[in-house]
Amino acid sequence: MSTPARLLEILTSQGVVPTGWADTVGAVRRELFLPDTIEAGGSAISRDESPEWWLAAVYDDLHIITQINDGRETPEGTYRLPTSSSSLPSIMLEMLDLLEVREGQRVLELGAATGYNAAWLAHRLGSDQVTSVDIDPALAEQAARNLDAAGFHPQVFCGPGEYGWPDQAPYDRVIATYTVPEVPYAWVEQAPTGRIITPWGGSFFPYSFAVLEVTDGEAHGRFTGYPAFMRTRHNRPHRGHLADFLHHREEAVESRTALSPLTFDGDPDALFFIGLDLPDAWYVRVDADDDSGEATFWILADDQSSWAAADHVPGAGEYAVTQYGPRSLWDEAERSYRRWEERGRPERDRARLSVTRDGEQVSLLVT
């Protein structure tokens, strides 16, 4: 059977249902928050054509994509950027556990999307305790309709999440369902004695939860988890096919490095600290399709002005590097990696995040 009870059974068997959330998971019908055609596990699933398959996906611990390219038409061959989804229920529960919400508290959710997460909050706290915001008017409208159909009536507004929603402040908790490169100070102001949970990180390593406690006009906290969420649409950098970022290849500069590019790809702590130095560049690993074990590690500037490639060959003592643009992106990344090594290869959990009126700062605990 594909029901909320089945989803609760799956999540319980994984050991990921926090105290106080089981009744909510088992009561809220996820099917009411999803369109008739969804993408799950790399496949498009139609409710009309495959109703059993559709329901099975809905009530599994799956990330379901519900919007591509901000809802614009996507002709064949166009780069497809997922821009809204229903997150993995297990990740939703991880965030809600970090939120440590209690009865009687008021919550601001940023990123209404389908409305499913807001429904969980409304079921647990009551609809009048929940305010949800989405920058996309179509998504905000749809979330409100979905919530109404499910019997929940939190306030849903359309607006840019970086401003929070001051009209309903103050809040006890703030939760964002998209990744931010910096925590807006508006969130701190609107939860003056509360807690903020958000996926956090720049382009290079956007895979952390920031967990912040707010007091005296400042927020301080830590990083945990390895979530993969869509990025805020506010100042969102361009993304596209790899070829869209490669240009002036005949003018690229070649060099060699003793550092295997796969060293980066295999160490999340290294990637986190490199990401602090390269928040405006992203990477992609491309493996050879001939079982040779060869791979290329690409680093691409958000502004599309610079790119770098480092080629891994199994057993090699040195690796070929090619770079173009005003920035030598491989050199920047390697210098950052070497500094991380010199500092004793600190783990991410030694990093601390502070947000004040003057901005955001990441510091390192000294042991």
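Predicted model: local features only at pLDDT ≥ 70, side-chain atom pairs only at ≥ 80, totals over all residues.
**Notebook: pockets and helix pairs**

I began with the second largest pocket, whose lining splits into 8 nonpolar, 4 polar and 3 charged residues. For classes I count Ala, Val, Leu, Ile, Met, Phe, Trp, Tyr, Cys and Pro as nonpolar, Asp, Glu, Lys and Arg as charged, and the others, Gly among them, as polar.

Numbering runs from 1 along each chain as its sequence is written, and side-chain values use heavy atoms, with hydrogens and water left out.

Back to that pocket: 15 residues line it, and Glu162, Glu182, Val183, Pro184 and His234 lie nearest its centre. Its volume came out at about 300 Å³. My pocket is an open set of points on a 1 Å grid over the protein atoms alone, where a 1.4 Å probe fits, with protein on both sides within 12 Å along at least five of seven lines; lining residues have an atom within 4 Å of a point. Volume is the space filled by probe spheres set on the points, which are joined across faces, edges and corners.

Next I looked up the largest pocket, at about 1200 Å³. It has 49 lining residues, with Pro82, Thr179, Phe229, Met230 and Arg231 closest to the centre. By class I get 24 nonpolar, 19 polar and 6 charged. Which element gives the largest share of this lining? That is β4, with 5 residues. Helices (H or I, at least four residues) and strands (E, at least two) are DSSP runs, numbered from the N terminus.

Then the helix pairs. I have α4 (residues 89-99) and α5 (residues 116-125) packing at about 45°, axes 11 Å apart. Axes are lines fitted to C-alpha atoms over the stretch in contact, and angles run from 0 to 180 degrees between N-to-C directions. α4 and α5 are therefore oblique to each other (under 35 degrees is roughly parallel, over 145 roughly antiparallel, 65 to 115 roughly perpendicular, the rest oblique). Pro89, Met92, Leu93, Leu96 and Leu99 of α4 touch Tyr116, Asn117, Trp120 and Leu121 of α5, contact meaning heavy atoms within 4.5 Å. That contact holds 8 nonpolar residues, 1 polar and no charged.

Last, α10 (residues 268-277) and α11 (residues 329-342) pack at about 120°, axes 9 Å apart, so I log α10 and α11 as oblique too. Asp269, Ala270, Phe273, Ile274 and Asp277 in α10 meet Ala333, Ser336, Tyr337, Arg339 and Trp340 in α11. I sort these into 6 nonpolar, 1 polar and 3 charged.
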